[in-house]
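User: I would like to go through this model and ask what lies behind the words used for it. Please set each value against its definition.

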Amino acid sequence: MNSSGSGQKAIEAPLMDIRNISLRFGGVVALEGVSFDIAEGEIRAIIGPNGAGKSSMLNVINGFYTPQLGEIWYEGRRRGSIKPHNIARQGIARTFQNIALFEGMSALDNILCGRVTLVRSGFWKQLLWWGPAEREETEHRERVEQIIDFLEIQAIRKTPVGQLPYGLQKRVELGRALAAEPKLLLLDEPMAGMNNEEKEDMCRFVLDVGDELGTTIVLIEHDMGVVMDLADRVVVMDHGELIADGVPQEIMNNQDVIDAYLGVAH
Amino acid sequence: MQQLLYLTEVSLNGLTTGVLYALVALGYVLIFKSSGVFNYAQGVMVLFAALTLVGLQRGQVPFAHLWTAVFGTHTYLFGWNLPAVVAIVMTLGVMVLLAILVERLVLKHLINQHPIVLFMATIGLAYFLEGFGDLMWGSDVKRLDIGLPVGISETIESFTAATFGYGVFVDRLDLFAGLVAAALVFALTVWLKHSQLGRTLRAVADDHQAALSVGISLRLVWVLVWSTAGFVALVAGVMWGAKSGVQFSLSLIALKALPVLMLGGFTSIRGAIVGGLIIGVGEKLFDFLMGPIIGGATESWFAYVLALVFLMFRPQGLYGEKIIERV
Ligand SMILES: Nc1ncnc2c1ncn2[C@@H]1O[C@H](COP(=O)(O)OP(=O)(O)OP(=O)(O)O)[C@@H](O)[C@H]1O
Ligand SMILES: [Mg+2]
């Protein structure tokens, strides 16, 4: 449908429809009437200057923040008030701008934690009867090994993540999100603070996740080159408002966007 | 030979005190593992559980003094005695209720806060619970009798007397406490070994936000863990109470769990047990051998000094997870 970067994929019915979201923290307006949709299978980038409200948007999507106004429609249904841990159970996984890993655990255990929502034997049943649960564990471990292979982090499987360099931590965090086999993957600046080589690897992983698993991805990213390469469509935010929405080519040439990035008063 | 047997008797004595220390320490470890917080209130929970058990069993009217002061009821007893089993089950119910209240009223509001804030909250909880227990059940020393075996084990005495010519005194209650503790530790270890559960607890201890994002309900985990800690507190309270009566000094004895944890490591169940036993036996033996030379009463400080010396060589304790600091 669009010709940029990876985008031979057809954009289908929206997986998520974000309608008129407003979010305030006391006097600070983090989001003001933001509406956009996320189509099934696309890579949707959110860009904008610092403090634009990008991370806040992600936090609204995964339930950490509750907006004062607006609606979120997910898989064709309006989402009522819902607790963050239940949002994970609806197939939404994420990474954080300031890496939030379980520092004391190995990379492997971190990624295994990503599968909490997929544990079938149920919390209470597990407590009372661990035979089947242990069998299930083997299955989970196999899936996790596949993810470890995919992300090329075999060498650091057993390393406590607190000891890993930043770039690898970001990769493990992606692995943990992937382990949940999410429908919607939210990535908050997955390439920030990486060198070029690390960035290229990360880009490849993100593209592969979209192509091979069909996962829908929302990506916050500052590096315009990366955005142009990866995104099917781009939302641009500034001061809590949405100022542009379109395919990368349009966005590049949009005067409002250029102004926002050049800091022109408006 | 006699000397040796006497030494054995002292050690055995210490071993059983150690078991009780270990039981209390176990409660601390459980909560530490799942929230990274030292639950200062664990000792008071032991006391509170024991008070509640005795109160329920004897048919004490809760808050009797309060009712009397306000309404002039002067009713202190319902006039019934509950069977021990019923009282125990009801006490367990109270401990679960306590866990739910702690989660609702305290922990829920402290998500994403620094562990020190949670620690302060548990100090508050300890003082509240101590006062609450006092108000609810009264501060008199109570006898706890739920039909546990008591007295000196005659079998062991006559056996050792016949074999070695010296009858070793072992308290039957102590033996029983040892068995219960062993069973409890076994059950808890198997339970926590359960890989998914173990990971979930560590995840919650490590990072609240990340735990939520992967779909862990912090609240469910907390209620579960505090209930379990309440259960362990009840077991410890029953054993201590049966041995020395239920009284407010119980919460002070419980602080002996601190050196036990330093020795064993804050995150290890095995550590709590081994630490408890080492300190129990250590303080009795030390007092027996050195007490007369130094001038007695070494039991009050020995555990702390031992823990301190130990800390210098192994800060993470015997079995604790190694603390790795990135520099
Ligand atoms: N929990 C919070 N409490 C108070 N204010 C907040 C909170 N989270 C975000 N904000 C405010 O909302 C605004 C938007 O912040 P947000 O983190 O969403 O920006 P961002 O676009 O992600 O910026 P960056 O590129 O720096 O990550 C900022 O003014 C920020 O200070
Ligand atoms: Mg941000």
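**Terms and values in the model**

Analyst: Buried residues make up 45% of the 266 residues in chain A. A residue is called buried if 20 or more other C-beta atoms lie within 10 Å of its own, exposed if 12 or fewer, and partly exposed in between, with C-beta atoms placed from the backbone. This is a predicted model, in which local features need pLDDT of at least 70, side-chain atom pairs count only at pLDDT 80 or more, and totals for chains, interfaces and linings use all residues. Residues are numbered from 1 along each chain as its sequence is written, while chains are lettered from A and ligands numbered from 1 in the order in which they are written.

User: What makes Ala257(B) buried?

Analyst: Ala257(B) has 29 other C-beta atoms within 10 Å, and the definition asks for 20 or more. Ala257(B) is therefore buried.

User: Which residues does Ala257(B) touch, not counting residues up to four places away in sequence?

Analyst: They are Tyr21(B), Val24(B), Ala25(B), Tyr28(B) and Gly43(B). Two residues are in contact if their C-beta atoms, placed from the backbone, lie within 7 Å. As for Ile279(B), 22 residues along the chain from Ala257(B), the two C-alpha atoms are separated by 9.5 Å.

User: Where does Ala257(B) lie, and how many residues of α12(B) are buried?

Analyst: Ala257(B) lies in helix α12, residues 257-264 of chain B. Helices (H or I, at least four residues) and strands (E, at least two) are DSSP runs, numbered from the N terminus. Seven of the eight residues of α12(B) are buried, and on that count the helix is mostly covered. The seven are Ala257(B), Pro259(B), Val260(B), Leu261(B), Met262(B), Leu263(B) and Gly264(B). Their cover includes α1 (2-35), α2 (42-58), α13 (269-294) and α14 (302-313) of chain B. After α12(B) comes Gly265(B), with a positive phi near 100°.

User: Why does the radius of gyration of chain B agree with that of a compact globule?

Analyst: The radius of gyration is taken over C-alpha atoms, and the globule rule is 2.2 Å times the number of residues to the power 0.38. For 327 residues a compact globule would have a value near 20 Å; chain B has 21 Å, so the two agree. The C-alpha trace spans about 65 × 65 × 35 Å along its principal axes.

User: What is the secondary structure of chain B, and what share of its residues is buried?

Analyst: Chain B has 14 helices and zero strands. Buried residues come to 42% of its 327 residues. Of the contacts in chain B with a separation of 6 or more, 74% are between residues 24 or more positions apart.

User: What makes strand β8 of chain A mostly covered?

Analyst: Five of the five residues of β8 (216-220) are buried. Thr216(A), Val218(A) and Ile220(A) are on one side, and Ile217(A) and Leu219(A) on the other.

User: How do you know which strands pair with β8(A)?

Analyst: Two strands pair if DSSP finds at least two bridges between them. Strand β3 (43-47) of chain A has four bridges to β8(A) and runs parallel to it; one of the bridge pairs is Ile43(A) with Ile217(A). Strand β7 (184-188) of chain A has five bridges to β8(A), also in the parallel sense, and Leu186(A) has Val218(A) as its bridge partner there.

User: What is the handedness of the β-α-β unit made by β7(A), α7 and β8(A)?

Analyst: The unit, with helix α7 (196-213) of chain A, is right-handed. That word applies if, with the strands pointing away from the viewer, the path from the first strand over the helix to the second runs clockwise.

User: Which element gives the largest share of the shell around ligand 1?

Analyst: That is α1(A), with three residues. The shell includes Lys54(A), Ser55(A) and Ser56(A).

How values were computed: A residue is near a molecule or strand if its C-beta atom, placed from the backbone, lies within 6 Å of it.
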